[in-house]
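Q: Please take me through this structure by its terms. I want each label set against its cut-off.

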Amino acid sequence: MFARLRGDFPILDVRIGESPLSYLDSGATSQKPQCVIDTFTEYFQQRNSAVHRGAHSLAVEATDAFENGRIAVAGLVGGKPEQVCWTKNATEALNVVALGIDRASRGFGGEAAQRFALGPEDSIVITEMEHHANLVPWQQLAASTGAQLRWLPVTDSGELDMTDLESIVDETTKVFAFTHVSNVLGTINPVDTLVARAREVGAYVVLDACQSVPHMPVDFVGLDVDFAAFSAHKALGPTGLGVLWGKSELLDALPPVLTGGSMITTVSMDQTEFMPAPQRFEAGTQPVAEVAAFATAVGYLAEVGLEEIFAHERELGRLLLDGIAEIPGIRVLGSAPERIGTVAFDVDGVHAHDVGQFLDSQGVAVRVGHHCAQPLHRRFGVTASTRASTYLYNNAEDCDRFLSALAEVRPFFGVAQEGE
Amino acid sequence: MSTQMQQLYQQVILDQSRARIGNSALLGEKVDGPHGYSHQVNPTCGDEIELETELTGNGRVAVRWRGDGCSISMASASVLSELAGENSVEEMLVIESAFHELMHSRGTMEADESVLGDAAAFSGVSKFPARIKCALLSWMAFKDALNQAQAAREEKHHA
């Protein structure tokens, strides 16, 4: 099946100079199958209209396409369609939660929102392995409310250090925000243990699911998280679309950040009543074609099967790790056994930018830099790393081409030692 | 090996990235002559450089820097420091301007070696938009720090 589905992704036929493309940068953004591209085009050719208004036939079709997207996503990650709110991207989804709590802390949202209110007596807990998108908004919230920001450290093996979990997440903790899977290390975090601790102290759990939802079966209801965020473009869908998922009673109580059209029940000249979720978080015209295309992407993922995708990428990740171990002078960041097919590494004597440039000259696309996780890189004593990340369309040949190019890097830059 | 790679990573660049001429401890306020300091960061990769200039009285400018970055950025800082040892301040400004123009040429310009010296080796970089900032990082720091040193000299002059 996995060999056959490569044909669904037209971009894999692109050549990079004289080389075929081995795309190992899906952790940054995924490629799109033809069916997703077709849905996007067909929407504008046949269904384009304004949603949730107008009585004409096209408006009904557009509204259906938009709302069916919610049904598809709820089918993928659990919960009811109204628990799925559209945002611009996952970063915005996380900001909607952090800024909503900030507004609640300032008295917005009335009685219902007071459950979220934070003050100097409270703490927010994150982890040292967060993407900046699940770090900076909480830092901002702490600065704004006076709450204390704490974090779980990361071990040498690239896992969360649970030694002091009970003292870091304590009775003062109101928000516990962490990533399901590290975008750098590929480590899968023990969500169950972390949620259990949050429940003991009554903290709200915010899960960054950007690197889990596209690559493995995820059930937000089963995980019992309060809020979760992920993006469409990392899961075969288009850019410009993110998902904020939440428990209904919490979404309905969280003050909206963006206000205006489409999110209100009644407006008078001196006050406004907001709609319940999801509309309360969807002010203004929405990315309807993107939602329609993402629904197709979700259908595609379901058809292939997330269990199968997870197993396939695990196998590719194994090939990458075993192959890298054979090449002198390469240090893999983290060694967690529970992981997806993502591997970040440091090449002794060669900067990540140069590594990426060299691999690109042989058609191998990887990510270089700090991957929006500067504190995590600092933890491993580097400013930048090179990251290879796999997806369902990658195969063993991609891994082989990556590994043989990687083996040439240190000799090319003249840093390989005699006898290596 | 592709020709583009060889154009990008010329031997001069690989050698200079290891030589790191001018890479030394910064002296800060300990220097006598008019001096300047600049800290530049490339936000896409986190690379950074701190660079000091000191007007040495013989019409020259001494350059000291420390930083961490890719071979292009390190080689560029090294070549800059070497050129500063061989050229007057006025000549360095001409080189800076020519280098800036070369980097933004998208590979359409012939590098003038008589002006640029070893910095001409970076002409291949201009074909790689993602790497232009790497080559320019130390030069931006140099220009900024030199402006400060010159302003400090003016101030001293008028004092």
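A: Start with two helices of chain B: H3(B) and H6(B), residues 132-158, pack at an angle of about 40°, with their axes 6 Å apart. The axes are lines fitted to C-alpha atoms, for helices over the stretch in contact, and the angles run from 0 to 180 degrees between N-to-C directions. Helices (H or I, at least four residues) and strands (E, at least two) are DSSP runs, numbered from the N terminus. This is a predicted model, in which local features need pLDDT of at least 70, side-chain atom pairs count only at pLDDT 80 or more, and totals for chains, interfaces and linings use all residues. Residues are numbered from 1 along each chain as its sequence is written, while chains are lettered from A and ligands numbered from 1 in the order in which they are written.

Q: Why are H3(B) and H6(B) called oblique to each other?
A: Angles under 35 degrees count as roughly parallel, over 145 as roughly antiparallel, 65 to 115 as roughly perpendicular and the rest as oblique. The angle here is about 40°. H3(B) and H6(B) are therefore oblique.

Q: What is the hand of the crossing where H3(B) passes H6(B)?
A: The crossing is right-handed. A crossing is left-handed if the near helix is turned anticlockwise from the far one by less than a right angle, and right-handed if clockwise.

Q: Which residues in H3(B) and H6(B) meet?
A: H3(B) brings Ile72(B), Ser73(B), Ser76(B), Ala77(B) and Leu80(B). In H6(B) they meet Cys134(B), Ala135(B), Leu137(B), Ser138(B), Trp139(B) and Phe142(B). Contact requires C-beta atoms, placed from the backbone, to lie within 7 Å. By class the contact has eight nonpolar, three polar and no charged residues. Ala, Val, Leu, Ile, Met, Phe, Trp, Tyr, Cys and Pro count as nonpolar, Asp, Glu, Lys and Arg as charged, and the others, Gly among them, as polar.

Q: What makes H12(A) roughly parallel to H15(A)?
A: The axes of H12(A), residues 306-325, and H15(A), residues 396-412, cross at roughly 20° and come within 10 Å. That angle makes H12(A) roughly parallel to H15(A). Their crossing is right-handed. Leu316(A), Leu319(A), Leu320(A) and Gly323(A) of H12(A) make the contact with Ala396(A), Cys399(A) and Leu403(A) of H15(A). Six of these residues are nonpolar, one is polar and none is charged.

Q: How do you know that the buried residues of H6(A) are on the same side?
A: In H6(A), residues 136-145, the buried residues are Pro137(A), Trp138(A), Leu141(A), Ala142(A) and Thr145(A). They cover an arc of only 140° around the axis, which puts them on the same side. The arc is that of the directions from the helix axis to the C-beta atoms. They pack against helix H4 (90-105), strand S5 (123-127), strand S6 (148-152) and strand S7 (173-179) of chain A. Gly146(A) follows H6(A), with a positive phi near 85°.

Q: Why is Ile264(A) called partly exposed?
A: A residue is buried if 20 or more other C-beta atoms lie within 10 Å of its own, exposed if 12 or fewer, and partly exposed in between; the C-beta atoms are placed from the backbone. Ile264(A) has 16, so it is partly exposed. Ile264(A) lies in strand S11 (residues 264-267) of chain A. Not counting residues up to four places away in sequence, Ile264(A) touches Thr272(A), Glu273(A), Phe274(A) and Met275(A).

Q: What makes Arg106(B) count as exposed?
A: Arg106(B) has 11 C-beta neighbours inside 10 Å, so it counts as exposed. Arg106(B) sits in the loop between helix H4 (89-103) and helix H5 (113-116) of chain B. Its phi is positive, about 55°, although Arg106(B) is not a glycine.

Q: Is Asp224(A) buried, exposed or partly exposed, and why?
A: With 15 other C-beta atoms within 10 Å, Asp224(A) is partly exposed. Asp224(A) lies in the loop between helix H9 (220-223) and strand S9 (227-231) of chain A. Its phi is near 60°, a positive value in a residue other than glycine.

Q: What makes the bond from Ala277(A) to Pro278(A) worth a label?
A: The peptide bond is cis, with omega near 5°. Most peptide bonds are trans.

Technical notes: Two residues are in contact if their C-beta atoms, placed from the backbone, lie within 7 Å.
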